[in-house]
Amino acid sequence: MAITFNKPKKLFLLDQDGTLYKGKHLFPYTKDFLKSIRDSGANYLFITNNSSRSTKDYVEKMAKFGIKAKEEDFYTSSHATMDYIKHYHPDLPVYLVGTMALSREFLENGIKLTDKVSEAKVAVLSYDTELNYTKLTALCDILANKDAIYLATNPDLDCPSEDGYLPDCGSFAMMIYNATGRNPLFLGKPRKLFVDSILEHYNLKPEDLVIVGDRLYTDIAMGTNSAVDTILVLSGEATLKDVETSPYKPTYIANSVFDIFN
Ligand SMILES: [Mg+2]
């Protein structure tokens with residue numbers, strides 16, 4: 001049954017994996033769902049914590065699904081991290097543990113990257129699918145300096161895939177914690193900061209937004225943290241049983257995004 005909001009929503013924040021598609025497979029109702037949002041007079045923004053790809057990669061991924069999207073249609077944990085650095089540490093050299101695609105995006109956005117451990121004042125950990133031991137030891141070396149600022153793009157422990165569990169940034173952070181005793185400031189979902197940047201960018205209020213996602217401890221938690229309505233879809237990770245035991249309760253629950261307008 002379609003969801004009726006107390007007040008019409010202006011912007012839908014859409015998680016991607018588990019919500020609009022699973023891995024390489026677009027859900028059959030996703031295109032109609034996106035059209036329904038626009039038909040309702042609202043807009044949407046694709047949000048993701050996956051920092052292994054650049055925004056350009058995401059635009060291409062959507063194009064492969066037959067969905068026309070522009071770079072402005074995305075806000076990712078990488079954007080949140082870059083915005084945070086630009087706001088709080090604009091002049092400090094940054095050591096990034098990230099993919100080539102992410103490094104390019106950081107540079108294009110004016111972040112000062114360095115490869116030199118001795119120069120780095122900020123260390124950023126991300127979902128680096130090109131991770132190697134050299135990067136791990138460099139990060140640990142930087143973190144040995146207690147004044148070094150330590151950020152991470154996203155707290156996800158694993159990334160959903162057809163092949164099973166892929167270790168994500170949150171798992172890397174646990175490994176680094178075991179080695180150094182330091183925990184990063186995570187900047188992607190579920191931080192309120194992620195929503196605040198979007199509200200400021202689009203000049204909207206929390207009640208204008210709704211977050212749609214499949215994961216309780218990121219998508220739904222972000223709604224709880226930022227007083228934004230949420231819709232949990234059961235097409236990905238979380239089950240109804242998980243909802244019972246989770247501290248994060250969605251405002252609405254739908255089997256999939258199909259049920260939001262139908
Ligand atoms: Mg998801």
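Visitor: How do you know what span to expect for helix 6?

Guide: The expected span of a helix is 1.5 Å times one less than its number of residues. This is a predicted model. Helix 6 covers residues 169-180, twelve residues, so the span should be 16 Å. Its end C-alpha atoms lie 16 Å apart, which agrees.

Visitor: What makes residues of helix 6 count as buried?

Guide: The cut-off is under 20% relative accessible area. Cys169, Gly170, Phe172, Ala173 and Ile176 are the buried residues of helix 6. Seen down the helix axis, they fall within an arc of 150°, so they line one face. Their cover includes strand 7 (122-125), helix 5 (133-143) and strand 8 (149-152). Strand 10 (166-167) and strand 11 (185-186) are also among the cover.

Visitor: What makes residues donors of the magnesium ion?

Guide: A donor atom must sit within 2.8 Å of the metal. Asp15 (OD), Asp17 (O) and Asp214 (OD) coordinate the magnesium ion at 2.1 to 2.2 Å. Along the chain the donors follow the spacing D-x1-D-x196-D. Asp17 lies in the loop between strand 1 (11-15) and strand 2 (21-22). Asp214 lies in the loop between strand 12 (209-213) and helix 8 (216-226). The two are 197 residues apart, and both are buried.

Visitor: Why is the protein called as compact as a globular protein of its length?

Guide: The protein has ten helices and 14 strands. Its radius of gyration is 18 Å, close to the 18 Å that the globule rule gives for 262 residues, so the description holds.

Notes: Residues are numbered from 1 along each chain as its sequence is written. This is a predicted model: local features need pLDDT of at least 70, side-chain atom pairs count only at pLDDT 80 or more; totals for chains, interfaces and linings use all residues. Side-chain values use heavy atoms; hydrogens and water are left out. Donors are N, O and S atoms within 2.8 Å of the metal (3.2 Å for Na, K and Ca); water is not among the atoms, so sites may look incomplete. Helices (H or I, at least four residues) and strands (E, at least two) are DSSP runs, numbered from the N terminus. Buried means under 20% relative accessible area, exposed over 50%, partly exposed in between (1.4 Å probe, protein chains only). The arc is that of the directions from the helix axis to the C-beta atoms. Contact means heavy atoms within 4.5 Å. The radius of gyration is taken over C-alpha atoms; the globule rule is 2.2 Å times the number of residues to the power 0.38.
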